[in-house]
Amino acid sequence: SSTSKTTLRRGVALVFRDVYGSGMKLSHFFLVNLAALSGLAFTVLPSQAQDLGDTVSQPGVFSYQAPKGWTVKDTTFSKYKISFDAPKNKFSANINVVVENFSGTLAKYVDANKANLKASPKFQNLQIVDETPFATTAGVTGVRLVITDTVSNTDLQQVFYFFEGAADTKFVVTATCLVGDGDHYAPLFDT
């Protein structure tokens with residue numbers, strides 16, 4: 001199998017292993033792989049080896065390197081392991097991945113997620129800050145949604161990266177931090 005690599009604006013590189021032999025370059029920090037679905041697997045690699053942390057993966061589905069110093073662990077509220085930074089002001093910035101079956105378009109999936117977020121009593125003071133479609137250098141499209149909200153009296157910023165999978169599968173990578181720390185975490189969460 002072949003491997004291709006691209007370096008991102010903030011020094012992060014994605015390496016893709018293409019089981020079918022054609023390389024694929026992406027320009028977004030996270031792309032949940034469609035390995036079992038389309039033959040691709042991904043790994044997030046910061047440009048300096050010392051920036052690498054533990055690997056978060058679901059074999060055949062997705063894989064990425066957590067930032068160095070972050071903890072990767074199982075939780076009761078996620079099917080997959082989550083990456084956590086050290087606590088700050090009683091909250092740990094984190095990155096998690098969700099894989100769901102949804103037979104509609106990606107746009108309908110994003111709309112359904114926004115409606116669910118707005119309807120949930122868990123997310124108070126929810127504001128949609130930005131919603132932007134994007135395309136990777138390989139032409140893979142997605143939607144980036146940024147919200148601020150209050151959960152359990154904690155003001156948060158959440159960045160959702162939505163991707164279309166094959167066979168009615170959708171992927172969401174969610175990066176969450178305290179609302180005041182968005183600029184600090186932007187180099188890790190976004191390109």
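Q: Is alanine 166 buried, exposed or partly exposed?
A: In this predicted model, alanine 166 is partly exposed, since its relative accessible area is 25%, and the cut-off for buried is under 20%.

Q: Okay, and where does alanine 166 lie?
A: You'll find alanine 166 in the loop between β11 and β12. Its C-alpha atom is separated by 9.7 Å from that of asparagine 101, a residue 65 positions away along the chain.

Q: Switching to the largest nonpolar core: which residues touch the most other members?
A: Those are Phe62, Trp70, Ile95 and Phe189, out of 22 residues in that core.

Q: Which element supplies the largest share of this core?
A: That's β12, with four residues. Elements that each supply at least two include β5, β8 and α3.

Q: And what about a second core, which residues does it include?
A: The second core is separate and has 16 residues, among them Val110, Leu117, Leu145 and Val151.

Q: Nice. How many aromatic pairs are there?
A: The count comes to six. In one of them, tryptophan 70 and tyrosine 185 have ring centres 6.0 Å apart and planes at 80°, so the pair is edge-to-face.

Q: Which parts does that pair tie together?
A: Tryptophan 70 is in the loop between β5 and β6, while tyrosine 185 is in helix α3, so the pair links parts 115 residues apart in sequence. Tryptophan 70 is buried at 7% relative accessibility, and tyrosine 185 is buried at 5%.

Q: Last one: what lies over the face of phenylalanine 84?
A: Lysine 73 does, at 5.0 Å from the ring centre.

Note on methods: Residues numbered from 1 in each chain as written. Predicted model: local features only at pLDDT ≥ 70, side-chain atom pairs only at ≥ 80, totals over all residues. Heavy atoms only, no water. Core = buried A, V, L, I, M, F, W, Y, C linked by side-chain atoms within 4.5 Å. Buried < 20%, exposed > 50% of the residue type's maximum accessible area, 1.4 Å probe, protein only. Phe/Tyr/Trp six-rings, centres within 6.5 Å; stacked < 30°, edge-to-face > 60°. Lys NZ or Arg CZ within 6 Å of the ring centre and 35° of its normal.
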